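Reader: I'd like a close look at one part of this model, taken slowly. Could you walk me through it and then tie it to what lies around it?

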Amino acid sequence: MKKMVKKILIIIGIIIITLIGLLIWAVARDFKQEEILKQEIINYSNKDFIKDDFPIDIKSKGDYAYIEKAIKKYYKELADNIKIINYYINSDELTNILSIQNLEQDRPNFIKSHAAINKIRDKTTKAIENISKLCEKNTIDNLINKDKIDEYNYELYLNIMYTNQDIKQLEQTNKEMEEISSNLTALLDKLDEILNFFEANNYSWISQNDQLYFETDNLVTAYNSLYKELFDILNKFDYNEISNNSKNEQL
């Protein structure tokens, strides 16, 4: 009888030790996956939105992989839209509109130039709207389905996305988008206005040796005034800070 009890106790002890071992292994595994997730998001969010690529390479597993994929897709979408704005602001298509060569080739109605301005307006407006939406709390809340993961991992997701620094960055990015939108609208409107000026005075200006010449001093004054207004708008552009988004805080 004593031997039987002893055997039972040994078996129970083995089972308990095995369960404890499995529990420790599971906790260690989850801890490792959590650390992988946190480090991946730190590395990903420290990227430069304009200069860097944002591949969706998932390194963690299980619920952590689901969270990692959602967050990386979020940052990639944010970066893609910022790249669109940066591309069109710096594109030859925009900067060459008022070049003498383009003015001569596209006169008198500047159909191609106006079309280019409209395309840039549409592309950048949509990108700015997308960025503003991505900065909304409701968008971030709905990046993942909380029913697909347990409560601990949902809280982990919130802790990753809602640090004090993140909140400040989203607010700052949203503010910068409003400024860029306003300045870009003013810039494109001014380009249209300058083209309209050349069109309305098509027979009163010529180009020679890469210089523009107008028939009257009044036209020279009007032209210089329009260009000053254009450069005043250009001097307001300062959007590089949005590319320096980073999570310098430890998760």
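Which residues of strand E2 are on its covered face, and which are on the uncovered one?

Author: Keep in mind that this is a predicted model. Strand E2 runs over residues 211-214, and its covered face holds Leu212 and Phe214. On the uncovered face you'll find Gln211 and Tyr213.

Now for the partner. E2 pairs with strand E1 (residues 205-208), in the antiparallel sense and over 4 bridges.

What about the core? The largest nonpolar core has 60 residues, and the ones with the most contacts inside it are Leu98, Tyr157, Leu191 and Phe198. E2 is among the elements that give two or more residues to this core, along with helices H1 (2-45), H2 (63-89), H5 (111-134), H7 (151-161), H8 (164-200) and H9 (217-234). The most comes from H2, with 12 residues.

Leaving out residues up to four places away in sequence, Leu98 touches Leu103, Leu191, Ile194, Leu195, Tyr227 and Leu230. Two of those, Tyr227 and Leu230, are also on the list of buried residues of H9, so let's go there next. H9 has 18 residues and reaches 26 Å from its first C-alpha to its last, close to the 26 Å expected at 1.5 Å a residue. Besides Tyr227 and Leu230, its buried residues include Leu219, Tyr223, Leu226 and Ile233. Looking down the axis of H9, you'd see these buried residues fall within an arc of 115 degrees, so they line one face of the helix. The rule behind this sort of pattern is simple: an α-helix has 3.6 residues a turn, so residues three or four places apart point the same way. Turned away from the buried side of H9 is a face that carries the exposed residues Asp217, Asn218, Thr221 and Lys228.

Terms used. Residues numbered from 1 in each chain as written. Predicted model: local features only at pLDDT ≥ 70, side-chain atom pairs only at ≥ 80, totals over all residues. Heavy atoms only, no water. Buried < 20%, exposed > 50% of the residue type's maximum accessible area, 1.4 Å probe, protein only. Pairing = 2+ DSSP bridges. Core = buried A, V, L, I, M, F, W, Y, C linked by side-chain atoms within 4.5 Å. Contact = heavy atoms within 4.5 Å. Expected span 1.5 Å × (residues − 1). Arc of directions from axis to C-beta.
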